[in-house]
Amino acid sequence: MRHKALTLLAATALASLTLSSCASGGTDDVALDPNADLTKQSLVVSIWADYSPADLAETFEAATGIPITIVNHATNEDVMGKLTAGGDSGIDVAFVSGQYAQALHEAGLTANLDKSLIPNESNLYDEATKLAYDPGNEYSMPYAWGTTGLCYRSDLLSEEPTSWNDLLTPAPDATGKTTMLATERWMALPALKQLGMSVNTTNPDDLAAVKEQLLKTKPTLLAFDDTTFYTKLVSGEASLTQAWDGWCNYGIAEDPNIKFVVPTEGSDLWTDTMTVLKTSKNKEAAMAFINYILEADVQSWVAENILYKVPNEAAMKAVDPAILAAYPNLNMTPAELLKQEVIVDVGEFSPEFTKLATEVMAAG
Amino acid sequence: MAKKSPTPGGAPLGARRGWAGLPFLTPGTLVLALFVFVPLVLVTTYAFFKRGRFGGVVYTFTLDNFARLADPLYLNVIATSIGTALIVTVLAVALGYPTALVIVRLPPKWRTLALVAVLLPFWTNFLIRTYAWILLLNNAGWINQGLQAVGIIDEPLKMLYTQPAVIIGLLYMYLPLMVLPLYASLSSQDAQLTEAATNLGSSPFRVFRTITLPLSVPGLLTGCVFVFVPAMSNFVIPELLGGGKTVLIGNLIRDQFLKARDWPFGAALALVLTILLVALIFAQQTASRRVTEGPRERKVKRNA
């Protein structure tokens, strides 16, 4: 869900990664050594840009003595390309969204997490250990989570929105001032939920119904926008947008009239996770890294600075109350989040979602 | 038959044909092989295989990727791309030709300044320049504010996130690529030709129509290709200025790689685009040669 901004550059990166690495197969799961000398290991961690403290490498190295290199990716697809290109990507720990972790696991690329080396998992909310893409967090550890809803200017709308229908068939005063997300799974979400279907549908008929609705909605839209919708709210160009909760907070930071609501028909629950790659030769250090991130004061940084909810109870309790008051959607409880449908990978069906998005965007 | 070498050093002609120059070619050839030939081979190969579920390809031969291109959805996108690029090219000629003509006729001091002004935008990152257009064109933007302030309009004009916004953005981006080859072509024309024509009583329009314009055709064609080719494959401007409501072939290819994880179909689309553009460049080369050398048959006759 995170950081689609300037994915443009990633296009060029693709060319290079297809040329990369084609040697050495993966090592099979071997028992980890709890007494391994971690300072002899080193880590390469791939994470979305600006999604972790700028001094993470220094503080982690100071705390554990493990040398670490942090590399950035722009999108899930970007890092998936590197990880699935074959051979050893050189990455030990990769941050990917839940459904991508699931895909990596199904491709046999993830290592199972050794929970004896990750005692801080007990900081997580109980709900965060039973997410549909990976119940029990066997191969992925949640880092941040949230949902998708409506982000709007309460001072510009005559009525507070409550339903996806307010977006799909906007009132006259909002017509031409709404935006929808451009990424296919989320573009389909409002219509799917409004029609009472699953966000993880693999039924072509469902997508046909979604397409019919979106073709009606498109003429009422200002734009499809993944990255700058909140600036459109701030400038008043848009009054109602489909938004990820954390991104809506960036708008709220600039204009307190901006509010966030999850429509009554329900929405998705997305998760960004940490995975350890099977090819990693530094698995003990990788587990230590995940354990370090799960410490309350490390993960509370994410909530306070990225304004995303974290699935870490101890960390959420440590968040400055002033921040929780300023950004109400940070206060959504795990139970409220769990009412939403956990988004999972739809595998072979995913090109159908892309085709739907292309059809809608290309329609005259 | 040339018996003497044309080179001042007097080396025999045969030596020029030999391998002596090869070391000098090596770096360039390597760069071309690595950055042009290898990717092209990869793209071509991928286009004939099946999609890997997580990106990449499964090495099973198939022609499905090309069959899918026949879907009206994709044909429509290709047609829209060609149409958009054509409009942009025509507008670039309409704006670029007079600009180049004026620059050529400026005093040398001002000419340099004008050329720098044409190139100046390239010194700024193109994303920043595109965002500047968003600031100008949006409903709460400077143009609308200005027009509303002076009372010309009551409601903001809807300019951003429309097809014309995409065309404006592309035109702005690639106009210098039209002006520069035209300038090069116009400034290398022999001034004595126009002087002679004027002395013999031709009107300025006739001078332009019979001398300046025909002699500038190669530059004009080069400019057209320079504008058409990138305009056709740009995917940033349709997204930012078109609000994602217009899909051009560049967006389609990008989405196959970065969203659909369907590399083979993306490769097939890229291959078709490459073939279209190579054909276009070939046509431009042929046309230019005709203009500068005259039709081939005539030349053969003259030689005979």
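Mentor: Start with a definition: a residue is buried when its relative accessible area is under 20%, exposed when over 50%, and partly exposed in between. Also keep in mind that this is a predicted model.

Trainee: What about the accessible surface of chain B?

Mentor: The accessible surface is about 17100 Å² for chain B, and carbon and sulfur atoms hold 71% of that.

Trainee: Which residues make a nonpolar patch there?

Mentor: B:V31, B:L32, B:L34, B:F35, B:V36 and B:L40 form a nonpolar surface patch of about 580 Å². Of these, B:L40 sits in helix α2 of chain B, which covers residues 22-46.

Trainee: Is B:L40 buried, exposed or partly exposed, and why?

Mentor: Its relative accessibility is 40%, so B:L40 counts as partly exposed.

Trainee: Switching to chain A. Why is helix α3 called largely enclosed?

Mentor: Helix α3 of chain A runs over residues 76-84, and seven of its nine residues are buried, so the rest of the structure largely encloses it.

Trainee: Which ones are buried?

Mentor: In α3(A), the buried residues are A:N76, A:E77, A:D78, A:V79, A:M80, A:G81 and A:L83. Just after α3(A) comes A:G86, with a positive phi of about 100°.

Trainee: Next, α6 and α15 of chain A. How do their axes cross?

Mentor: The axes of α6 (residues 184-194) and α15 (residues 350-362) of chain A cross at roughly 80° and come within 9 Å. That makes α6(A) roughly perpendicular to α15(A), because angles of 65 to 115 degrees are put in that class.

Trainee: Which residues meet there?

Mentor: From α6(A), they are A:E184, A:R185, A:M187, A:A188 and A:L192; they meet A:F353, A:T354, A:L356, A:A357, A:V360 and A:M361 of α15(A).

Trainee: Last one: where is A:T178?

Mentor: A:T178 is in strand β5 of chain A, residues 178-180. It counts as buried because its relative accessibility is 0%.

Trainee: What is A:T178 in contact with?

Mentor: Setting aside neighbours within four places in sequence, A:T178 is in contact with A:L167, A:P170, A:T220, A:L221, A:L222, A:A223 and A:L240. As for A:A238, 60 residues apart from A:T178 along the chain, the two C-alpha atoms are separated by 5.5 Å.

Conventions:
Residues are numbered from 1 along each chain as its sequence is written. Chains are lettered from A and ligands numbered from 1 in the order in which they are written. This is a predicted model: local features need pLDDT of at least 70, side-chain atom pairs count only at pLDDT 80 or more; totals for chains, interfaces and linings use all residues. Side-chain values use heavy atoms; hydrogens and water are left out. Patches are made of residues with over 30% relative accessible area and no salt bridge: like charges are joined within 9 Å, nonpolar side chains (Val, Leu, Ile, Met, Phe, Trp, Tyr) within 5 Å. Accessible areas come from the Shrake-Rupley method with a 1.4 Å probe; for residues, only the protein chains shown count as cover. A salt bridge is a side-chain nitrogen of Lys or Arg within 4 Å of a carboxyl oxygen of Asp or Glu. Helices (H or I, at least four residues) and strands (E, at least two) are DSSP runs, numbered from the N terminus. Buried means under 20% relative accessible area, exposed over 50%, partly exposed in between (1.4 Å probe, protein chains only). Axes are lines fitted to C-alpha atoms, for helices over the stretch in contact, and angles run from 0 to 180 degrees between N-to-C directions. Angles under 35 degrees count as roughly parallel, over 145 as roughly antiparallel, 65 to 115 as roughly perpendicular and the rest as oblique. Contact means heavy atoms within 4.5 Å.
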